[in-house]
Amino acid sequence: MNEPLLDVRGLTTSFETGQGRLTAVDDVSFSIEEGEVFGVVGESGSGKSVTALSVMRLLDDAGTVEADEVWFDGTDLLSLSEAEMRSIRGGEISMIFQDPMTSLNPVMTIGEQIAEVVRHHGDTGERTGFWSEMRRKYVTGTSTESRSWRRAIELLETVGIPEPEQRATEYPHQLSGGMRQRVVIAQALAGDPSLIIADEPTTALDVSIEAQILNEILELSEEFGISVMLITHDLGVVRETCDRVAVMYASEFMETGHVDDLFEDPHHPYTEGLLASIPRIDDDREWLSVIEGTVPDLIDKPSGCPFQDRCDYAFELCDRPLVEYELDSTKRVRHAVRCHRENERVRVDESGHVTDVPDEAVAALERRIEAENDASNDPAVADSGIRTDGGSPTGGSDEPERRGDRDEY
Amino acid sequence: MGLKQYLLKRLVHSVFVMFFVVTVVFFAVRAVPGDPARLMLGGDADPAALEALRQELGLNQPLYVQYFQWLRRLLTGNFGESIRTGEPVLGSLAQVAGPTLSIAGLGMVIALVIAIPTGILSSVKRYEIEDYLSTTVAFFGISMPAFWIGIVLILVIGVNVDAVPTFGYTPIDEGVSPWFRSIILPAFAVGFPYGGILMRMMRSSMLEVLNEDYMRTARAKGLNSNLVLFKHGLQNALIPVVTLAGIFLAVVLGGVVAVEIVFGIRGLGRLLIGSINRRDFPLIQGTVLIISFVFVLANIVVDLLYTMINPRIKYGGGE
């Protein structure tokens, strides 16, 4: 099988705050295949957006991003210079942000906002230097004859905006919310990317527009063979649109797998809780189920499962560091869970509660934690395949080779 | 609404504003104790002579009669004559408008040229040495009155540098360079406090803009930080600065009045203060009228600029 388009290993992002160190993304690993729609679902503040921004290296100085590897299409994004990274941003990987009211520049025509992406990442032969851009912005305006402008109009047409020539000369405030988000999509397509990160693209929109915009993103990405990382807090959206999904809670990926597996057969108590809280049309429950308690403080986050205080199944291993358990290898797509209940030596009853934790379960876990610590301290050891956690559904067969490449840099 | 209609509307508004200003001034100067006739003839003047002079100047008539007479003459473009010298007010104003407008204009330019780059620098380098330095200088400018800055400039620069005179004004038709050198210090003195205010505005406005989503979008497009800042940020950050630049123009005009005295320049400000001291009513009214006209006009220009840099604003507020 092909290498994944994006392969992120051990991504950790933290912020220095007045109260202490806030871990916004904690040792997250995932991969996105070509042409795949990968969902990241989680509640507000769980670190979904920060994960995306970390991959794009778009966090400002306040955030510290550490990762073992961030491979994108054969390049290690972490090793790129800022200038090289700029050609990835908007070109190879583009983003769609949450609120089209605020993510478009109010004082620039929408045509120019799209055209500038075309100019910077395409082959239009137009000058993109600082003074050329400043002259274009403040003196001459964008020439409607230029290739970038014509391409912008094409893109507006592609995303279904009527009268694109006219619209291109207008400002964001002259468009409705749905139209604006279409402009944002056009902008994301303008650099001809292979991955679009859509960060809650419909949250700020009217529900009636939501489906339209989502379809637009999905249809276009399919048409142009673009992978999508869809960040959302809406499980319904995930179910309808994603191929694979990761459930994020308190800065960690709790469960990753194919969307059907995850919805039919959730293994993590948090996923279970989330699914149970969705109201159903045939519900006769008087109260929807809720997950009791609140999200833990991410400042000076303790090791161990962040969900343990709210978990009905909590048992003595829960304050040990989490490791990833891979389920049922016969499944088409890797299904991984970070919950010690999945430790094969831990005995679980029908209802899912832990009945017995034999000593060898504890010992096995300790060995594994130790092995992982060694692996993350020394990348060479990681080649040996001790780490069984990994986002790639393909397993680790072609990994040593690629890692070997990297050592040569 | 077209530009012409908008301008026409604004000019009509301005007429009302100025009418209000001169009316207030007309009555206010007469409410202040002091009698022009007595000031002219001295404290021990003959009462009959005083009475005769008042008669001659029309000061014996009821206030409202004086007011309407003045207003009627004003409508025909006649600003009246100075009580003291008998010269037409308009002529005196024309003589002194040059230096004042030169100083105020150059002061504004200096303020903007200093304030906008340092404001941007300060916001980008927030809490770093550049920020502390420019913020301190800006606070210095805001706290110190223009005339004091003028005195310091005379002592420090004017006395030591022969090229810049510390006294007087050279009209522009005697050469651009002498003209420029004669107004550079007073212009700096009025521009500095104004620049301090604008720099603070620019800084906070740019700080706000830096946190906007569209700035993140611009970075996510792969633009370099200069393009993000100046192509995507600058115009947005200037919007509130331009608005306040118009309002705080009063700082410049007020500063000019005092600075002209420090630098011994015969400008509008000196004329105004002299005429107040002499209770030269027509001259006071004329000067205030001109100053308010400049202020109102400058604000129209600012509003036009504002509609240019902010596409969300339309002339006259919507269609």
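A residue counts as buried if 20 or more other C-beta atoms lie within 10 Å of its own, exposed if 12 or fewer, and partly exposed in between, with C-beta atoms placed from the backbone. This is a predicted model, so local features need pLDDT of at least 70 and side-chain atom pairs pLDDT 80 or more, while totals for chains, interfaces and linings use all residues. Residues are numbered from 1 along each chain as its sequence is written, and chains are lettered from A in the order in which they are written.

**Stop 1: a loop in chain A.** Select Asp192(A). Asp192(A) has 15 C-beta neighbours inside 10 Å and therefore counts as partly exposed. Look for it in the loop between H8 and strand E8 (195-199) of chain A. Helices (H or I, at least four residues) and strands (E, at least two) are DSSP runs, numbered from the N terminus. Check the backbone here: phi is positive, about 55°, although Asp192(A) is not a glycine. Most residues other than glycine have a negative phi.

**Stop 2: the largest nonpolar core.** Such a core is a set of buried Ala, Val, Leu, Ile, Met, Phe, Trp, Tyr and Cys residues joined through C-beta atoms within 7 Å. Select Ile114(A), Ala152(A), Ile185(A), Ala186(A), Leu195(A), Met229(A) and Val247(A); of the 95 residues in the largest core, these touch the most other members. Helix H8 (residues 177-189) of chain A gives the largest share, 7 residues. Now centre on Ala186(A). Leaving aside neighbours within four places in sequence, Ala186(A) is in contact (C-beta atoms, placed from the backbone, within 7 Å) with Ile114(A), Leu155(A), Leu156(A), Thr158(A) and Val159(A). A second, separate core has 58 residues, including Val96(B), Ile116(B), Leu268(B) and Phe281(B).

**Stop 3: where the chains meet.** Show both chains. 26 residues of chain A are in contact with 22 residues of chain B. On the chain A side, helices H2 (82-88), H3 (100-103), H4 (110-121) and H5 (130-140) each supply at least two residues. That side has 11 nonpolar, 9 polar and 6 charged residues. Ala, Val, Leu, Ile, Met, Phe, Trp, Tyr, Cys and Pro count as nonpolar, Asp, Glu, Lys and Arg as charged, and the others, Gly among them, as polar.

**Stop 4: H3 of chain B.** Select residues 47-57 of chain B. Gly58(B) follows H3(B), with a positive phi near 80°.

**Stop 5: H5 and H13 of chain B.** Select residues 89-124 and 281-309. The axes of H5(B) and H13(B) come within 10 Å and cross at roughly 50°. Axes are lines fitted to C-alpha atoms, for helices over the stretch in contact, and angles run from 0 to 180 degrees between N-to-C directions. Which residues make the contact? Val89(B), Leu90(B), Ser92(B), Leu93(B) and Ala97(B) come from H5(B), and Pro282(B), Leu283(B), Gly286(B), Thr287(B) and Ile290(B) from H13(B). By class, this contact has 7 nonpolar, 3 polar and no charged residues.

Stop 6: Select Arg279(B), in the loop between helix H12 (268-277) and H13 of chain B. Is Arg279(B) buried or exposed? Arg279(B) is buried, with 22 other C-beta atoms within 10 Å. Phi of Arg279(B) is positive, near 50°.

**Stop 7: H9 and H10 of chain B.** Select residues 213-220 and 225-247. H9(B) and H10(B) pack at about 140°, their axes 10 Å apart. In H9(B), Tyr214(B), Met215(B), Ala218(B) and Arg219(B) meet Val228(B), His232(B) and Gly233(B) of H10(B). The contact divides into 4 nonpolar, 2 polar and 1 charged.

How values were computed:
Contact = placed C-beta atoms within 7 Å.
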